[in-house]
Amino acid sequence: MKRQGKPVGFVVNKTILYILLILLAALCIMPFLLMMVNATRSGVEISHSFSFVPGKSLGANYRQLSDYFNIYRGMLNSVIVALPATFLTAYFSAMTAYGLAFYKFKTNKLIFVSILIFMMIPGQLSLIGFYQLCTKLHMVNSYLPLILPAIASPGTVYFLRQYAISVVPRSLMEAARLDGASELYIFHRIVLPLMQPGVATMAIMCFIGNWNNYLLPMIILNKKEKFTLPVLITTLNAATDLQSNQGAIYLAVAISVIPILIVFCIFSRQIIGSIASGAVKE
Amino acid sequence: MKFKKFLAVALTAAMALSMAACGSTGDSGSASTSDSTAAGDTATSDSSSGGDDKIVVWTLAKDLEQFADHYKEKTGKEVETVVIEPADYPTKVQTALMGGESEPDVIVGEPQMLQDFYDNGFFEDLDQFGAQDYADQVVDYVWKVGQDADGVQRAISYQITPAGIYYRRDIAKKVFGTDDPEEIGKLFKDYNTILQTAQTLKDAGYRIFASDGEMNYFSGDSAWVVDNKLNVDQSRYDYMDLAVKLYQDDYTAYASQWSTPWYQAMSGPIPILSQDIQSGSDDSVNVWDSENFEEQTKDLPKTEVFAYGLPSWGVLTLRDNVKDTSGSWGVCAGPSYGFGGGTFIGISSQSKKKEAAWDFIKFCTLDEDTADWWIEKSEGDVVSLKSVLEKHKDDENPVYGNEKLYAFWLQQAEGIDYSKVTKYDKVIGDAWGEAISSIKTGASDKDTAINNFYDTVASTYPDIEIQR
């Protein structure tokens, strides 16, 4: 009895735990599953009833979708915008954060405070002004106004500055300087790898943000063949009969989620892998 | 190390890509080639090539894309259509035109956006192109909606959207002994009669409407603002009483418009929900999440719904949802005239190709052949040219018991008095609707609700004189 007692309690605990976890997982997966299933059903079926049994309208939905736009073109456009924007954000924010965290110069505080202040201003406020600026610079209908501003992203700088202070030991940089490394070399070879997990986290956020960005591309881009994915997908709502496109909308969203999943898989391994390793031995 | 290599490769790729994207910025000539080569060229889209006289249409209705294709077929002229989500369309147009954008030649609008567009000067004056020569050919109210406050023609629509009541002929025969649209129309001739009709139907085991919002399109035959004074006509109070009675006396099935049971009621019996379920205070049934709808409602009594109130585009909505009840529907007039929606086309005031744009607008809205083609193509949309409606007046629609719908819609559209439409309608109407729903659910009594309504209007439009 004594020998069995503990395993029984253990098994019961485990069972409860697993049931809870399975429930949670189901809860998380449900919306995705629903999206996938609805992508195979017709608009009328979707608005009439709910089901986990896939329908027969996948082909029809896809034709409907292709009738409106080329989704792969939209995906490519989104990649053209989101990838450069993500890397610009990651690289320049890390650099700025490092500078603000470790160099002592006169206006350091001032710059940091102004970055904090800019974090508070929502970009939508200056939409018309931004459009006018783009017209003057002949940048309407191009991806540049969507990519270049990514260089300055106050939120990321703020996060990475705090992060750099906590993970990068001053002693490492001093050692490098003694060995004759240049400042840029130190940043690229020592600081950046150390900050990798933080940068990767922010990069994921940034990529998702850019991938889903809707307002700015909607305003800036005027050519259908340049539309990014979110702008394209919402045009499905422009049909006379809203209902008939529901299936196509689900299908489009389902397809558009795939790159996000891929990016997340790549970077999450990075994060987990890097957290475990350290540089300075105490 | 791996990450660094990855980063290096990715950064290079990013640069190359952004270079490619750069290329397309200013000079569109050489750029489009570099853009598409770098992009792997998936779409050498039909619109990217084409001459300089190509006009650009920014639209919120997919319909215009079909019009553009048809235009090209007929005239050989290129039209590039950019479809933008309806909800964001005003934002897009406002930002672009205020930012000095001259790219769109043709812009469109729905009735509730038009006043703002007129006030901001987005639409070019169409009278200078001789639009008034066509005044007699287009249904009157549509023509008037396209005019700004000074009576200058700014936009024209290819369709009309008068509201009607869609009813079940089989139920009408059983309960009222007739399914004739004329006779059934009499059952909906005013708000009191509607309540009686509702009672009769309820006694016979049916419900008159699925939701209590079905009379929305017929909700008041008077202007909200007259001479800059808020005008709450007696008919508004009557409508309020009607909506509250429909709700409180159990005449509807408590389905919300566009929810699952609302659609289901088109094809057959649905469970009667309770007030609490609709308002959400009883959460045993979630009408928006059809997930377990059937399971949750299996113990509730079932009923069939008699009628829907929708504009003319409801013809298509019902057609797609009625299933087995196809053929047993009819359409009749409501207690007043009303309309909802419609796409109006005009020329952007900053366009550089106004003549070409006018040609396209003429083709879409004032050409009989196009209207004929559109009736065929859209399978039942109602066009705005009187002569074409006249020509199709004997067309029978099998879904609606072979009723001659075009003649009916023309008649309904001719009754609409557009002078009763103001630019305040959306906000004031919504505030009134808010007041109605707080009364019907018992959240506040009538006086409080109406006072709140006055407060809302006063704070939104300080210039309007309000007599409480």
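What percentage of the 282 residues of chain A count as buried? The share is 36%, where a buried residue has 20 or more other C-beta atoms, placed from the backbone, within 10 Å of its own. This is a predicted model in which local features need pLDDT of at least 70 and side-chain atom pairs count only at pLDDT 80 or more, while totals for chains, interfaces and linings use all residues. Residues are numbered from 1 along each chain as its sequence is written, and chains are lettered from A and ligands numbered from 1 in the order in which they are written.

**Chain A: secondary structure**
- Chain A contains 13 helices and 0 strands; helices are DSSP runs of H or I with at least four residues, strands are runs of E with at least two, and both are numbered from the N terminus.

**Chain A: dimensions and contacts**
- The radius of gyration of chain A, taken over C-alpha atoms, is 25 Å, whereas a compact globule of 282 residues would have a value near 19 Å; the globule rule is 2.2 Å times the number of residues to the power 0.38.
- Along the principal axes, the C-alpha atoms of chain A fill a box of roughly 85 × 70 × 30 Å.
- Of the contacts in chain A with a separation of 6 or more, 78% involve residues 24 or more positions apart; a contact requires C-beta atoms, placed from the backbone, within 7 Å.

**Chain B: sheet**
- In chain B, 5 strands form an open sheet of mixed pairing in the order β2-β1-β3-β12-β4; strands pair if DSSP finds at least two bridges between them.
- Its edge strands, β2 (79-83) and β4 (156-157) of chain B, each pair on one side only.
- Strands β3 (residues 106-109) and β12 (residues 344-347) of chain B pair in the antiparallel sense over 4 bridges.
- B:G109 stands opposite B:F344 in β12(B).

Note on methods. Buried ≥ 20, exposed ≤ 12 C-beta atoms within 10 Å, placed from the backbone. Contact = placed C-beta atoms within 7 Å.
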